Amino acid sequence: MNPAQGWPLWLRLILAVLLGALAAFGLAPFGLWMATLLALVLLAPLFLSTETRMRAAWLGWAFATGYFANALNWIIEPFLVDAERHAWMAPFALVLMAGGLGLFWALAFWVARRPGAIAVQQTTFLAIAISLTECARGYVLTGFPWAGMAQVWVDTPVAQLLSLFGPYGLGTLTLLATLPLGAALTQRGGFALPLGLTLGAVCLVAGYAATRPEVTVTGNVVRLIQPNALQHQKWDPEFAPLFFARQIELTAARPRPDLIVWPETSVPAWLGSAQPYLDVVAEAAQGTPVFLGIQRGDGPRIYNSMIYLNEDGQQQGLYDKHHLAPFGEYVPFGDVMAKFGIYGMAATTGHGFSAGPGAALMDAGKLGKALPLICYEAVFTQDVLSAPGRADFLLQITNDAWFGTRSGPYQHLAQAQMRAIEQGLPMMRSANTGVSAMIDPLGRITDALALGQAGYVDAELPAPMAPTVYSRLGDKPVIFALLVLLTLLWRNAARGQTQ
């Protein structure tokens, strides 16, 4: 018997919001993955209690809105950097973002609901439908896959399945292991399928995690610089020279590493006029190559870039960020919006930053080839998969000062760990305010500098592993399998309704 059957809709919607908020505690920095699993199990009876597909859609929207509102509460932080101008927009941004992302789940609930059908079959259908809408969320309108279900498994053995199935495949397994189990609670018997799915997932995790190879090291030491420049002071003429001097001091410290990495936009000058600054960096580095973040202009266009200074202090590589953050680095229809005084928060004109040509590899001398990722790009597995060749390591530079000091920086770090597991590659990460870290190919943090701390960490670079199954195949097999399953379940549901 379903205990939620007959409850008023308003009560079920409130409970769905609360369960969604509970599920978000599985994400960093809390890592309470059991809360996510419990919330999903309890969501199933609520879903099955809905009398119509439209009510199911409202329930799915309520759960997802609660989930994203809690998971993405850090989104208010950028609006508080210049609070006098932007603070009024913060609550609207959070509500609209959470509610907008909730529409993806609403569609899945609408598609999956079949009143009168077998409960376990319906929730299996729901798990597949949600998984497909989560794939869409990662790709549609440049995508925003933040807070995907797979992220709750970071720092657990379950995360190793990312190297097989990627984030959408692992998210699907999570839903299949919970929603049908919750459905089984609403009826007598019928536990065989959900228990089989859950136990199968557990066995898969235990077996695969035990077979993962040992991580070896290269013997090369990388220095990750973290100046801790607060965003409201970062470009202030009074503070910017102090932050630059701090990075120079950290760069010059002994003993000498094999590579030095500065964070995103860490040079307080545009590349075209930055040679005096770069000369100072090269002198402090004393023959050690340096990756650093800098802004550059090219005619009317501006770019968020990364450059490589070789052992002689000469610029040898350049990469322009190609996956820009909407409403952060640019605003859609920027010319029109600029007339109303609306600009990207990190942009300087109505157009904002321009996108670079795409993913690229950068030569890092004896350390091999780097796949550069600037800030937001590490969120997107497709940006890593689109690299023109296999790198020896992933390199993320970021300015997480925009995200404040609560959940945002930790969730961003967790997604960097996921990219490392998916590719079987180490990740070096230099973040302005933290968390700067060296991540091994199994997603484990081997060295790190705490959030809000100025300094550096000298970390040994792990060696890359063999290419993973996911790095070879990407998301296409998972998406194809989900579409096939959705079609079969749809046909089965339609056949059941006609009988």
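The charged end of arginine 114 sits over the ring of tryptophan 490, 4.7 Å from its centre. A charge sits over a ring if NZ of Lys or CZ of Arg is within 6 Å of the ring centre and within 35 degrees of the ring normal. Lysine 234 likewise lies over the face of tryptophan 235, at 5.0 Å from the ring centre.

This is a predicted model: local features need pLDDT of at least 70 and side-chain atom pairs pLDDT 80 or more, while totals for chains, interfaces and linings use all residues. Residues are numbered from 1 along each chain as its sequence is written, and side-chain values use heavy atoms, without hydrogens or water.

Now the ring pairs. Rings of Phe, Tyr and Trp (its six-membered ring) pair if their centres lie within 6.5 Å; planes under 30 degrees apart are stacked, over 60 edge-to-face, the rest tilted. By this rule there are 18 aromatic pairs. One is stacked: tryptophan 105 with phenylalanine 109, 6.5 Å centre to centre and 25° between the planes. Both lie in helix α6 (residues 90–112), four residues apart, about one turn of the helix. Helices (H or I, at least four residues) and strands (E, at least two) are DSSP runs, numbered from the N terminus. Tryptophan 105 has 1% relative accessibility, so it counts as buried. Phenylalanine 109, at 0%, is buried too. Buried means under 20% relative accessible area, exposed over 50%, partly exposed in between (1.4 Å probe, protein chains only).

Phenylalanine 291 and tyrosine 308 are tilted because their planes meet at 45°, with centres 4.7 Å apart. Phenylalanine 291 lies in strand β3 (residues 290–298) and tyrosine 308 in strand β4 (residues 301–309), so the pair ties together parts 17 residues apart in sequence. Both residues, phenylalanine 291 and tyrosine 308, are buried.

Ring pairs also link Phe47, Phe63, Trp105 and Phe109 into a cluster.
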